[in-house]
Amino acid sequence: MDGVQYGCRGRSWTLFYRLVQGLVSLPEVFSASRSQLLQVQGLGEKVAGEIKSFDVDSGEECELRLADKEGVRILTLKSPECFSLLKSIYDPPPILYVQGKAFDTISLPIAVLGTRRPSEYGKLIAERLCLK
């Protein structure tokens with residue numbers, strides 16, 4: 001099944017954008033002090049602690065290994081394959097997990113984006129759409 005998925009390990013994209021905007025870049029988020037992290041609106045002690053204890057190198061390696069195992073490509077908004085319509089929406093996901101053909105090889109690409117807790121009806125319809 002071809003598909004596009006995105007996620008932020010249970011965190012909102014809004015918080016992700018606030019972190020990156022407030023601290024300039026993703027590497028700076030992980031090198032920021034706890035007090036700098038706590039200055040980001042909506043970020044509390046728990047998430048600041050998770051960021052500070054996160055091992056970026058092993059986390060990245062694990063993510064890439066899992067993507068390879070599942071046959072998934074990881075795209076960012078800066079990836080050449082990431083299409084312009086996605087970049088133009090309000091609050092686009094900064095990371096996409098893509099299965100299937102490259103977007104530029106399909107004349108009319110369609111993506112199915114879902115929820116973490118789909119209903120049985122939602123699962124059925126998504127499966128039918130993706131099989132056609």
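## Ground rules

Residue numbers start from 1 along each chain as its sequence is written, and side-chain values use heavy atoms, with hydrogens and water left out. Because the model is predicted, local features need pLDDT of at least 70 and side-chain atom pairs count only at pLDDT 80 or more, while totals for chains, interfaces and linings use all residues.

## The chain overall

There are seven helices and three strands here, taken as DSSP runs numbered from the N terminus (helices: H or I, at least four residues; strands: E, at least two). Reading from the N terminus, the order is β-α-α-α-α-α-β-α-β-α.

Of the 132 residues, 24% are buried. That word means under 20% relative accessible area, with exposed being over 50% and partly exposed in between (1.4 Å probe, protein chains only). The chain's accessible surface is about 9700 Å², and carbon and sulfur atoms own 56% of that; the areas come from the Shrake-Rupley method with a 1.4 Å probe, and for residues only the protein chains shown count as cover. As for contacts (heavy atoms within 4.5 Å), take those between residues at least 6 apart in sequence: 49% of them join residues at least 24 apart.

## Two nonpolar cores

A nonpolar core here is a set of buried Ala, Val, Leu, Ile, Met, Phe, Trp, Tyr and Cys residues joined through side-chain atoms within 4.5 Å. The largest one has 11 residues: L15, L19, L23, V29, A32, L37, V40, L43, V47, A48 and I51.

Leaving aside residues up to four places away in sequence, L43 touches L15, L19, L37, L38, A48 and I51. There's also a second, separate core of five residues, among them L75, L86, L96 and V98.

## Salt bridges

Count a side-chain nitrogen of Lys or Arg within 4 Å of a carboxyl oxygen of Asp or Glu as a salt bridge, and you get three. R34 and E45 make one of them, at 3.2 Å from N to O. This pair ties together distant parts of the chain, with R34 in helix α3 (residues 34-38) and E45 in helix α4, 11 residues apart. R34 is partly exposed at 36% relative accessibility, and E45 is partly exposed at 48%.

The bridge between R65 and E61 has its closest N and O atoms 3.0 Å apart; both residues sit in helix α5, four residues apart, or about one turn of the helix. K123 and E120 also pair up, at 3.0 Å from N to O. They are about one helical turn apart because three residues separate them along helix α7 (residues 120-131). K123 is partly exposed at 40%, whereas E120 is exposed at 60%.

## A look at α5

G59, E63 and A67 are buried in α5. Viewed down the axis, the buried residues fall within an arc of 65 degrees, so they line one face of the helix; the arc is taken from the directions from the helix axis to the C-beta atoms. The buried residues pack against β2 (73-76) and β3 (95-99), while D57, R65, D68 and K69 are exposed on the other side.

L64, also in α5 (residues 56-70), is partly exposed with a relative accessible area of 48%. Its C-alpha atom is 8.2 Å from that of I74, 10 residues away along the chain. Just after the helix, G71 takes a positive phi of about 70 degrees.
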